[in-house]
Amino acid sequence: MKLHLIDFPLGNNHNLQNTSKIVNLLGVAFIFLTIVLLCYPVLLAYPFSFIRITTTSQTSSSSVFSSSFCNVSEDSIRVDKKKNKCDFFNGEWILNPDNAPYYTNETCTAIPDRQNCMKYGKPDSDFMKWRWKPNDCELPIFNPFQFLELVQGKSLAFVGDSVGRNQLQSLICLLSRVEYPIDLSNSPEEQSRRWIYTKYNFTIANFWSPYLVKMSEAERNGPTHTGLFNLYLDEAEDWTTKIDGFDYVIISVGHWFFRPSMFYEDNQLVGCYYCLDKNVKNLTVHYGYGKAFRTAFRAINSLKNFKGIIFLRTLAPSHFENGEWNKGGNCVRRRPFMNNETHLDGRELQPYLAQVEEFKVAEKEGMKRGLKFRLLDTTQAMLLRPDGHPSRYGHLPEVNVTLYNDCVHWCLPGPIDTWNDILLEMLKIEA
């Protein structure tokens with residue numbers, strides 16, 4: 001709050017008595033202002049929108065005065081903070097036709113062809129014009145300047161599969177209104193890459209690891225023509241040794257676990273998922289998925305030098321209808337679902353529950369050594385967006401491709417941008 005000196009015009013017709021009254025009035029005003037600032041310290045922070053209130057065990061004379069005079073206790077502060085806490089993960093999609101999108105395939109060069117839906121003729125643009133509205137609060141639209149100020153001098157790693165990389169590409173596009181990063185990778189063909197925003201000294205990286213644990217390809221074709229993979233569920237992959245210096249790490253994997261897999265523990269085959277081998281015990285996606293997250297989280301908690309924050313971005317459901325993904329299934333809806341129109345079914349519900357269960361265990365273990373685990377739970381929001389996938393609009397219509405309709409990844413711009421809206425708000429809380 002800025003105080004201005006008031007210049008009173010004291011002429012010859014003002015006597016000493018009037019002057020004394022003015023001085024007394026100024027004294028009363030000063031006392032009143034002092035009380036207001038002690039009772040409402042948040043005013044000192046105005047006009048900043050994000051304010052953090054902290055309390056300590058130390059007590060000063062001013063804090064005693066403030067608590068007793070204003071009748072404000074630490075308990076009441078905690079209650080207010082609970083009231084103001086926003087659940088970003090439950091809500092509805094509402095129309096946002098006037099402002100969206102916040103970038104296009106012409107303004108952002110980071111959009112890969114497979115997610116460049118407008119370039120390849122997606123017949124409607126309404127999928128870009130919806131905004132996620134949490135039930136009890138507002139979710140601000142992504143502010144690239146604010147984001148880069150928050151992460152200045154820091155680093156962020158994305159670990160996981162191509163949907164995780166999809167979020168990274170969305171982030172680069174959202175930040176492109178301020179700055180484009182410089183690619184530090186040895187080759188643009190690398191699955192794992194690194195970039196830097198030089199003006200802000202902010203590094204982002206992508207570590208490709210679709211299973212989080214060590215894997216090898218057992219058969220190139222496999223029972224469903226998508227390969228058969230050996231998963232070593234108790235052996236962490238080498239990305240866990242590369243995140244030591246990162247301030248933030250976002251982990252997200254999912255759809256690769258629905259491919260046929262052989263499960264190994266202690267180098268022994270314990271079962272498989274959809275390997276169609278009668279001599280091997282058939283296990284569920286839930287089993288392999290949960291074990292992989294357990295191994296990954298344990299590896300993180302065992303890192304001696306890691307001091308960053310781990311975000312688990314939960315499973316993003318696919319939306320194949322009228323057939324399975326390799327049997328003519330497609331996603332052609334043109335509006336989001338309402339909450340009462342759909343629900344997470346067993347096929348994707350079980351992996352979701354498995355990763356959340358392992359997250360809670362890891363969070364408790366991490367607290368023992370001061371590590372922070374945060375849940376970026378986008379599953380419900382994305383369950384409601386069958387309209388936001390590329391479908392067959394990830395390439396020219398005349399191109400002969402072997403890919404099926406894509407109802408797994410997300411168009412850019414599109415609903416996946418909301419993940420970064422939420423990420424920014426979570427980073428503000430951590431700031």
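**Reading labels off a predicted model**

Q: Why is L212 called buried in this predicted model?
A: L212 has a relative accessible area of 0%. Buried means under 20%, so L212 counts as buried.

Q: What makes the backbone of L212 worth a remark?
A: Most residues other than glycine have a negative phi. L212 is not a glycine, yet its phi is positive, at about 70 degrees. L212 sits in the loop between β6 (202-208) and β7 (213-219).

Q: Why is Y274 called partly exposed?
A: The relative accessibility of Y274 is 42%. Buried means under 20% and exposed means over 50%, with partly exposed in between, so Y274 counts as partly exposed. Y274 also has a positive phi, of about 55 degrees, although it is not a glycine. Its place is the loop between β11 and α6 (285-301).

Q: How do you know that the bond joining L412 and P413 is a cis peptide bond?
A: Omega is about -5 degrees there, and the bond is cis. Most peptide bonds are trans. P413 lies in the loop between α8 (379-383) and α9 (417-430).

Q: Why are β10 (residues 261-265) and β11 (residues 268-273) called paired strands?
A: Two strands pair if there are at least two bridges between them. β10 and β11 have five bridges, so they count as paired, and the sense is antiparallel. Within this pair, Y264 stands opposite L269 of β11. The two strands form a hairpin with two residues between them, and D266 in the turn has a positive phi of about 55 degrees.

Q: What makes β4 (182-183) and β13 (372-376) edge strands?
A: The open sheet has seven strands in the order β4-β5-β6-β3-β9-β12-β13, with mixed pairing. β4 and β13 each pair on one side only, and they are the edge strands.

Q: How do you know that β12 (residues 309-313) pairs with β13?
A: The pair has five bridges, and pairing asks for at least two, so β12 and β13 count as paired, in the parallel sense. The bridge partner of I309 is K372 in β13.

Q: Which strands does helix α5 (residues 162-175) touch as it packs on the sheet?
A: α5 touches β3 (155-160), β5 (193-197), β6, β9 (248-252), β12 and β13, and its direction makes about 160 degrees with that of β6. Helix α7 (residues 346-367) lies across β12 and β13, at about 155 degrees to β13.

Technical notes
Residues numbered from 1 in each chain as written. Predicted model: local features only at pLDDT ≥ 70, side-chain atom pairs only at ≥ 80, totals over all residues. Heavy atoms only, no water. Helix = DSSP H or I, 4+ residues; strand = E, 2+ residues; numbered from the N terminus. Buried < 20%, exposed > 50% of the residue type's maximum accessible area, 1.4 Å probe, protein only. Contact = heavy atoms within 4.5 Å. Axes fitted to C-alpha atoms, helices over the stretch in contact; angles between N-to-C directions.
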